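I opened a notebook page for this structure and set down, entry by entry, what I looked up.

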There are 2 protein chains.
Amino acid sequence: MPHRLEYFFDYVSPYSYLADSQIPALVERTGAELVYRPFFLGGVMQASGNSPPATVPAKGKYMGADMARWLKRYGLELKFNPHFPVVTVKPMRGALVALEEGFFPAYHKALFKAMWLEEKNVGDAAVLGEVVKGAGLDADLLLRRIEEPGIKDKLKANTAEAVERGAFGAPTFYVDDEMFFGNDRLDFLEEKLRS
Amino acid sequence: MPHRLEYFFDYVSPYSYLADSQIPALVERTGAELVYRPFFLGGVMQASGNSPPATVPAKGKYMGADMARWLKRYGLELKFNPHFPVVTVKPMRGALVALEEGFFPAYHKALFKAMWLEEKNVGDAAVLGEVVKGAGLDADLLLRRIEEPGIKDKLKANTAEAVERGAFGAPTFYVDDEMFFGNDRLDFLEEKLRS
């Protein structure tokens, strides 16, 4: 029986952007059953007491060099978003709507692109609407549904569940109760999925 | 011409213990000129404003699981030292003495072993003396020389230099001005050393 792989991510997280580029091939290689779990990283940081790396200036500087190495290895580009840290509550609720509505793959791709290649403030509802429309999706539906109490509650519940299970950042993966944090642990994750 | 690889470490750091197990083979594969740079991690943390991972409880818990994965991959053992965080000023000064006196390899091996396999409080001068003696080295000489102003100043200078060059933890490696932090970046380090 294939392993179930839960993938908690937030579009605001550049390391989620890195990891995300590797997930399709990893899933294909391992036959894992991938479950996307949108959560709100800001809530995870607050609840866990963690702080972003750049809070320590030397860490922030090194993170730039480290990021450049990963981008080169993965053959990816990234433009640092001038609106960072974007408040991603709305786009993450949007991911939940997209999962329910059956257009998640196109939405997911458009959001990471808008955030990490197109320098867009996807936390702003009007900008989010343009991005969604640009991807050929129903922006009116999405902007309406992200205000539904059920969707709001689901994002809160995903975030609280991740914190409860030990998350303190993004991306965070689970195979059963085993947690893997960061794109730099995808190799350990893959070993687990092959076991 | 081979690259010069500067390796800043502290015996108190379990990730230095992990990295250290991989360094001899890495140096042999790449032909790098290895330069051991003992520093005092406590001073680096204080000066950079960084804090140990376990300050965030969820990070501390995950670090245990992560450590177990690395130990398995490297085929190493580790016993968590009950005296942690050991104040390693004296053993790090000892590393500088050992480098000057020409018995560094035996000292280095004995200190990591005492710290991460034998649960010894190597920050205590009497315990440090026993460890050094047990390794067949001149404990009287070492305990005397670690109180020399020149040795004290050298540890402070190494620590200050690392902070100045961007360090915020251990192990930290430099190839010229390029910094690599952590055992989990040894692959990027090796790519650099092969370039």
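I began with the rule for a salt bridge, which I take as a side-chain nitrogen of Lys or Arg within 4 Å of a carboxyl oxygen of Asp or Glu. I kept in mind that this is a predicted model, in which local features need pLDDT of at least 70 and side-chain atom pairs count only at pLDDT 80 or more, while totals for chains, interfaces and linings use all residues. Residues are numbered from 1 along each chain as its sequence is written, chains are lettered from A and ligands numbered from 1 in the order in which they are written, and side-chain values use heavy atoms, with hydrogens and water left out.

**Interface of chains A and B**

With that rule I found 10 salt bridges across the interface of chain A and chain B.

For the elements I used DSSP runs, numbered from the N terminus, with helices (H or I) of at least four residues and strands (E) of at least two. On chain A, α3 (57–74), β4 (178–181) and α9 (186–194) each supply at least two residues of the side that touches chain B, and α3(A) gives the largest share, 8 residues. Sorted by class (Ala, Val, Leu, Ile, Met, Phe, Trp, Tyr, Cys and Pro as nonpolar, Asp, Glu, Lys and Arg as charged, the others, Gly among them, as polar), that side of chain A has 11 nonpolar, 4 polar and 9 charged residues.

Counting contact as heavy atoms within 4.5 Å, I noted 24 residues from chain A and 24 residues from chain B. The buried area (accessible area, 1.4 Å probe, that two parts lose on being put together, summed over both) is about 2200 Å², and carbon and sulfur atoms give 51% of it. Y62(A), R69(A) and F188(A) supply 30% of the area that chain A buries against chain B, more than any other three residues.

**Within chain A**

Over all chains, my search of the whole structure returned 42 salt bridges. I looked up the one between E190(A) and R29(A), at 2.7 Å from N to O; this pair links distant parts of the chain, with E190(A) in helix α9 and R29(A) in helix α1 (residues 14–30), 161 residues apart.

**Backbone entries**

I checked the peptide bond between F84(A) and P85(A), which is cis with omega about -5°, and placed P85(A) in the loop between α3 and α4 of chain A. In chain B, a cis peptide bond joins F84(B) and P85(B), with omega again about -5°. I also noted that E119(A), although not a glycine, has a positive phi of about 55°, and that E119(A) lies in the loop between α5 and α6 (125–134) of chain A.
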